[in-house]
Structures are given as C-alpha cells and as structure tokens.
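Subject: Structure for your review

Dear colleague,

My notes on what was found in it follow directly after.

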Amino acid sequence: MTADLVIANGTVAHPAGVEKADILVGDGRILGLADPGSGRGARMVDATDHIVLPGGIDPHVHFLIGFMGQRSVYDFYSGTVAALRGGNTTVIDFALQRRGRTMIDGLKHRRVQADRHVATDYGLHLIATDINPATLAEIPAIVAAGASSMKVYTVYEKEQLKVEDGPLHDLMRALAPVGGMLGLHAENASLIDHAIARHLAAGEVAPRFHALSRPGLAETEAVQRGLLLAQDAGCPLHIFHLNSGPALDAIEAAQACGHAASAETCTHYLALTAEQYDRPDGHLFVMSPPLRDAATQDRMWEGVASGALGAVTSDDASYSAEAKALGAESFDRIANGVPGVEARLPLLYTLGVECGRITLPQLVEAWSTGPARLFGLAPEKGSITPGADADLVLIDPHTRRRMGVDSHYGPIGYNPYDGMDLTGWPSMTIRRGEIAVQDGAFLGKPGQGRFLVRRGRDA
Ligand code: URP
Ligand code: ZN
Ligand code: ZN
C-alpha cells in the first residue's frame with residue numbers, strides 16, 4: 001500500500017488495546033494499519049519508541065470568552081494552537097445565546113468569531129439562556145446546523161446565564177425528538193447563594209470559602225434533579241465538569257438503568273485538591289465546581305477507569321494571573337476557571353497511566369474516543385481506524401519535563417500545574433494528515449481547522 005504519509009514503527013494505542021504497527025495516511029484519512037516497518041509513503045515519520053494516539057478531542061474549552069468582568073487570554077487562534085501543542089486536533093467551544101436574542105444569532109456570531117482563526121477542527125455547544133416558544137422552535141435547525149448538544153447553567157444569575165427548571169425541562173423535551181443532548185452545569189444556586197452570603201457577612205472572603213460555599217451536596221442535588229428532568233423528557237443528558245462522588249453514583253445508577261446519561265470530569269479535578277486554596281496564590285485555583293478532597297479525586301479516577309465518566313476535559317478558561325488577582329480580595333469576585341488545554345495529555349499519562357490509575361487504552365477512551373462518541377463526531381474522529389480522519393498525536397513516554405508558566409502558548413502568567421514533573425508530552429500532532437505541530441512549533445496557518453457539524457444522539 002503506498003501512502004502520502006506513514007507513521008512507522010510506533011506503539012499504536014486504541015481503546016481496545018495496544019499494537020506495534022505502521023499507520024498509512026492518504027488524503028487526510030487513515031488508509032490502514034500495516035506490520036511495523038512495512039509501510040511505504042511519500043513522507044515517513046519514525047515513531048520508534050513513541051506511542052501514537054488518536055488526536056485529542058477536548059469537548060469543553062472556552063476561547064475568546066468574557067466572564068465575571070474578565071477576558072480569556074486565548075482567542076480562537078492562540079487557543080487552538082495551544083490545543084494542538086497539547087496533542088488535540090479537535091475542540092468543542094460554546095456559542096452563547098444572549099437573553100432576548102435568538103439561538104441562531106448566537107451560533108452565527110460565534111462562527112464568525114472562530115471560522116477564519118481556528119487551527120484545530122472545532123464544534124460548538126449552544127449555551128441556551130432564553131427559552132420560550134419562539135426559541136424552542138429553533139431547536140431542530142440548531143441541531144441540524146451541528147450544535148447537537150446544548151449547555152444550560154443552573155447557576156450564575158448575575159452573569160445572565162441561569163435557567164430555571166421549567167424552561168430547562170421544556171428545552172429537554174424539545175431536544176429529545178431531534179436527537180439533541182442537554183449538557184448541564186449542575187450546581188444548586190439557592191444553596192450556593194445562601195452560603196456565599198453567609199460567608200461574606202462573616203468576613204470570610206479567602207479563596208477557601210469559594211470551595212466551602214459550593215459543597216458536593218450542591219452539585220449532587222443539581223445532577224440528580226437534572227437526571228430526573230431528563231429521564232422524564234426522554235432526553236440524553238451530559239454533565240459537564242463533574243466533581244462529586246455521590247453525583248457520580250447517580251450517573252452510574254442512571255447508566256445502569258439504560259438512560260442516556262454521561263458525564264465528564266476535568267484534568268484539574270484529577271490533578272489538584274482543595275489544599276490549593278490555602279496557598280498565598282489560592283485565588284488562581286478558583287473554578288466551579290471547586291476542587292475537593294483526595295477521596296473525591298480518587299473517585300473521579302475510578303470513574304475514568306470504569307468509563308462511567310466518558311471524557312476528561314480541560315474546561316480551559318485562560319484568565320491571566322493579573323485578571324484572577326483583581327478579584328482576590330473576595331472569593332466571589334474571582335473569574336471562575338483555569339487554563340489547561342495544553343496539559344490534558346501529560347497529566348492523564350503521568351498521573352493516570354504511569355501512576356497505575358488507568359491503562360493506556362482507558363486513556364485513549366477518555367482523551368479522544370469517548371468524547372467523539374458522546375458528542376457526535378465518531379466514526380470520523382476519535383480512533384485510528386481505516387477511513388477515519390488522520391488526526392494523530394505522538395508522545396514520547398521516556399522524556400520527562402517540568403510544567404511551568406512557559407508551558408502555555410499565551411501570556412497567562414501562571415500555570416495551575418506549575419512544578420509538576422510530567423511525561424507523555426506530545427512531540428508531533430497531525431491534523432487530517434498534516435503535521436500541524438512538531439516539537440512545540442506550530443507549522444500550520446490560522447483557519448485551517450474546520451467547523452464540525454456534529455450528529456445527534458439517540459435518546
Ligand atoms: O469555573 C469554570 N468552570 N469556569 C468556566 C465556565 C464553566 O462553567 O464551565
Ligand atoms: Zn460550567
Ligand atoms: Zn466550562
């Protein structure tokens with residue numbers, strides 16, 4: 001078989017196992033796998049001593065975002081270059097429907113912001129904030145336009161994001177018949193707002209009170225409520241950024257009953273605990289849901305290993321150290337979120353595979369194959385199989401490097417994983433058969449990424 005490109009002699013990782021093979025690429029797609037050393041092509045890449053994985057799919061990033069008065073450092077160009085440097089070939093960001101506006105307006109606006117700038121392929125979840133008969137009528141068109149999953153926030157009223165249960169249920173009922181999926185930022189607003197007010201009144205303003213005001217209970221209650229509403233509506237439900245053991249129990253129970261319920265956790269929950277909030281720079285670690293204890297972290301790893309958590313995402317929200325510090329005098333004013341799109345793979349490899357918490361095939365599932373299946377991108381994305389897009393990442397499992405502020409592509413000014421010695425760094429990222437990043441250098445151009453029209457999921 002002749003090919004445009006051959007990735008030769010690598011250890012190829014699939015969700016079902018690992019094999020030594022050559023990968024043959026033609027016309028941007030995988031042509032096939034062949035015995036190691038047997039492939040011939042116009043361009044040969046020697047992957048000896050390297051692991052070859054499907055390109056990462058990070059289905060939860062926030063590029064070019066404004067939130068709580070701050071703006072992300074990453075826009076669609078720099079964010080997607082950072083993503084490629086981290087081994088990702090696809091990201092899914094969000095299109096915001098502003099209150100009083102249509103959903104299609106939100107989707108069109110975001111595509112204008114992204115299309116000519118992205119370096120990875122990308123998709124969009126629609127953030128629904130204004131649900132009424134007119135916007136519900138838009139749902140079939142929105143799903144057909146490729147935003148087959150939506151995000152609804154049960155918190156953040158000040159930011160004009162929060163949706164009440166009635167309209168949320170209406171939205172689920174509208175999504176179900178057209179193959180749409182509802183994704184939830186699940187926290188109980190009443191419990192949280194009450195606790196925030198209590199802490200502020202007592203002068204308890206340090207970052208640790210961010211975590212104390214958003215307990216696991218608030219998350220678990222909202223996940224259980226979301227599951228009840230979704231089951232009634234017959235709508236697939238995805239829980240974004242899950243970090244509560246009992247909430248994971250509820251997801252597992254729903255899955256065991258055959259409900260289309262899925263959830264992701266994030267690299268920061270797998271790598272960090274609430275101890276970070278007691279550091280002098282604890283404000284840098286404020287995100288929602290917050291970091292919790294080591295037992296919760298162990299439970300999240302269990303969920304990744306079992307597959308109950310179908311994806312590990314970065315939830316990349318790159319507010320600079322300066323921007324985070326502006327709110328540091330009171331935890332409720334710190335822009336929520338941390339950067340991480342470059343860190344997902346070395347963290348999963350080192351803390352997961354090297355530390356024996358997950359296997360390499362389980363990493364592949366959480367890193368790429370699971371997200372592709374959950375978010376309507378398979379079979380083109382998420383696997384190294386004939387006919388799939390030739391989205392690949394090569395990692396060197398023998399080279400160890402320290403994570404630092406300069407591991408970011410942009411001037412973020414801090415790194416949540418600063419000082420961690422990690423292995424499994426990407427040495428080459430290939431997007432649809434093109435070498436897009438080699439040894440950290442971006443070799444492509446803005447706008448080379450494509451918008452992905454994602455399929456819906458069956459209820
Ligand atoms: O704290 C977080 N997760 N910030 C990003 C926005 C979101 O809710 O995903
Ligand atoms: Zn969220
Ligand atoms: Zn997010």
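I begin with a pair of packed helices. Helix H5 (residues 165-175) packs against H8 at an angle of about 40°, and their axes are 9 Å apart. The two helices are therefore oblique to each other, and H5 passes H8 in a right-handed crossing. On the H5 side the contact is made by Asp165, Leu168, His169, Met172 and Arg173, and on the H8 side by Arg225, Leu229, Ala230 and Ala233. By class, the residues of this contact of H5 with H8 are five nonpolar, one polar and three charged. Please bear in mind throughout that this is a predicted model.

The axes of helix H8 (residues 216-233) and helix H9 (residues 245-256) come within 8 Å and cross at roughly 20°. An angle under 35 degrees counts as roughly parallel, and H8 and H9 are therefore described as roughly parallel to each other. H8 passes H9 in a right-handed crossing. Here Gly216, Glu219, Thr220, Val223, Gln224 and Leu227 of H8 meet Pro246, Ala247, Ala250 and Ala254 of H9. The contact of H8 with H9 comprises six nonpolar, three polar and one charged residues.

I turn next to the sheet. Eight strands form an open sheet in the order S6-S10-S11-S12-S13-S14-S15-S16, and the pairing is parallel. Strand S6 (56-58) and S16 are the edge strands, each pairing on one side only. From one strand to the next, the twist averages 30°. Within this order, strand S14 (residues 237-239) and strand S15 (residues 261-266) pair in the parallel sense over three bridges.

Helix H1 (residues 76-85) lies across S6, strand S10 (88-96) and strand S11 (121-127), and runs at about 145° to S10. H14 packs on the sheet as well, touching S6, S14, S15 and S16, and the direction of H14 makes about 110° with that of S16.

- Strand S2 (residues 17-26) and strand S3 (residues 29-34) run antiparallel and are joined by five bridges. Aspartate 22 stands opposite alanine 34 in S3. Two residues lie between the strands of this hairpin, and aspartate 27 in the turn has a positive phi of about 55°.
- Strand S21 (residues 426-431) and strand S22 (residues 434-438) run antiparallel, with four bridges between them. Threonine 429 stands opposite valine 437 in S22. S21 and S22 form a hairpin with two residues between them, and arginine 432 in the turn has a positive phi of about 45°.
- S22 is joined in turn to strand S23 (residues 441-442) by two bridges, again running antiparallel. Glutamine 438 stands opposite alanine 441 in S23. S22 and S23 form a hairpin with two residues between them, and aspartate 439 in the turn has a positive phi of about 45°.

The peptide bond that joins serine 288 and proline 289 is cis, with omega about -10°. Proline 289 is placed in the loop between helix H10 (267-271) and helix H11 (294-306). Another cis peptide bond runs from alanine 378 to proline 379, with omega near 5°. Proline 379 lies in the loop between helix H14 (360-374) and strand S18 (392-395). Aspartate 315, a residue other than glycine, has a positive phi near 50°. The place of aspartate 315 is in the loop between strand S16 (311-313) and strand S17 (316-317).

UniProt, in an unreviewed entry, places the feature "domain: Amidohydrolase-related" at residues 51-435. Over residues 51-435 of the model, the chain is 37% helix and 18% strand, and the end C-alpha atoms are 16 Å apart.

With kind regards

Conventions:
Residues numbered from 1 in each chain as written. Chains lettered and ligands numbered in written order. Predicted model: local features only at pLDDT ≥ 70, side-chain atom pairs only at ≥ 80, totals over all residues. Pairing = 2+ DSSP bridges. Axes fitted to C-alpha atoms, helices over the stretch in contact; angles between N-to-C directions. Parallel < 35°, antiparallel > 145°, perpendicular 65-115°, else oblique. Left-handed = near helix turned anticlockwise from the far one by under 90°. Contact = placed C-beta atoms within 7 Å. Nonpolar A, V, L, I, M, F, W, Y, C, P; charged D, E, K, R; others polar. UniProt positions renumbered as here; feature names shortened; annotations may be inferred.
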